[in-house]
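Take a first look at the sequence and the fold, and then read the points below.

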Amino acid sequence: MAVLEKRSFQTLIMLILVFLLIWLVFKTRFIFDPLFTYMGAVALPVIGAGILFYLMRPLVDWLGKWKINRVVSILIVFMLLILAVFLIVTYVAPVLQRQFTNLLNNIPRMVSGVQDLISYWQHNQEFIPKEVNETVNKITSNLQSYIQSFMSFIFGFISEFIGVVFALILIPFFLFFMLKDGEKFAPFITQFFEADKAANIRSLLRKIDDALTSYIQGQLVVSICIGVLLYIGYSIIQLDYALTLAIFGMIICVIPFLGPYLAVTPAIIVGFFQDPMMAVWVAIVMIIAQQIEGNLVSPNVMGRALKLHPLTVITVILAAGSIGGLLGMLFAVPLYAVIKTIISHFYHTYQDTLPEDEDALI
């Protein structure tokens, strides 16, 4: 009986029950298919509204300090968002559309350049290693299938894009109620627990909230800084489609550490076809922007926020990318930060209550 009362044994039993529950859910997942379908349908608007929630909440709270009604504060924030969208559509979107259209019209010239390069290789086979020549021949022989696959991807992307647009329409509604009733979430959860456990859960929810706030707000600052630095650098070296490529880089840089390398790839390609030396200048601009971001912005914005080692972040991103692709890479770090916060919280709670032999966990 003494063994049964030990907390280590009770913890082991709890872990076994958790894994048993996971196994049962996996075996009976057909029962939960409607639930998973519903979650998949609302995932995009909920995630989008959640990101905007963490970005807009400080402004709503700041307006609340001036004794402004919360609903009125939310309406003011929505008006500012509409104004920002209007300014972007009026002044930025036309430039982006023009540059993007020119880039699409320039793709045949880039393809022709690649074909000329392949033709040059084929006419100089005696100077080219056999393995390289076989690879080039394989690519050219399968070029038609690659084009067909790409076109099917484009049509599939268009159909998915329509669904995404519909989901984006729901984001303002989710955002409004998140900003209005977000503070009621913790009291709603903790009302079912005893006072000690309720305080423990409130502390956990507060830590998770702080981790997500730090990551989302910090990543926004980092991405904007990189986008501005890239646009300044691309404009200085007079790279074609500078604004489009800079905004693309700003968006892709939401992926920590790997984002800058992915962001510079299309810029290097465009720069190479503009002038081979331009590709070198693009790489230099990215290196300078990454150094400024890595040594000045990220340590002050992201490093202190999540306290994650760079090697850990890279490992998590690579693993998530192999499992969930681009979406996995985007959400790997915040998900890992939340899991780390939960495990750390329960570990410290366990250590704090160990001398009293009390169960302060959930």
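1. A word on terms first: helices are DSSP runs of H or I with at least four residues, strands are DSSP runs of E with at least two, and both are numbered from the N terminus. Counted this way, the protein has twelve helices and zero strands. Read from the N terminus on, the elements therefore run α-α-α-α-α-α-α-α-α-α-α-α.

2. Please keep in mind that this is a predicted model. The mean pLDDT of the protein is 77, and 72% of its residues reach 70 or more. Confidence is lowest in helix α1 (residues 2-5), where the mean is 55, and highest in helix α8 (residues 195-236), at 86. Where pLDDT is low, the predicted coordinates should not be read in detail.

3. Next, the interior. Of the 362 residues in the protein, 27% are buried. The largest nonpolar core has 23 residues, and those with the most contacts inside it are L175, L179 and I317. Helices α3 (33-65), α4 (70-123), α6 (143-181), α8 and α12 (310-353) each supply at least two residues of this core. The most comes from α3, which gives six residues.

4. Leaving aside residues up to four places away in sequence, L175 touches A49, L52, F53, F78 and L81. There is also a second, separate core of 22 residues, with V222, I226, A242 and A289 among its members. In soluble globular proteins, nonpolar side chains tend to be buried together.

5. Is I189 buried or partly exposed? This residue lies in helix α7 (residues 185-190). I189 counts as partly exposed because its relative accessibility is 26%, and the buried class ends under 20%. I189 and L205 are 16 residues apart in sequence, while their C-alpha atoms are 9.8 Å apart in space.

6. Finally, two values for the whole protein. Among contacts between residues at least 6 apart in sequence, 68% join residues at least 24 apart. The accessible surface comes to about 23,900 Å², and 73% of it belongs to carbon and sulfur atoms.

How values were computed: Residues numbered from 1 in each chain as written. Predicted model: local features only at pLDDT ≥ 70, side-chain atom pairs only at ≥ 80, totals over all residues. Heavy atoms only, no water. pLDDT = per-residue confidence, 0-100. Core = buried A, V, L, I, M, F, W, Y, C linked by side-chain atoms within 4.5 Å. Buried < 20%, exposed > 50% of the residue type's maximum accessible area, 1.4 Å probe, protein only. Contact = heavy atoms within 4.5 Å. Areas by Shrake-Rupley, 256 points an atom, 1.4 Å probe, with all protein chains shown as cover.
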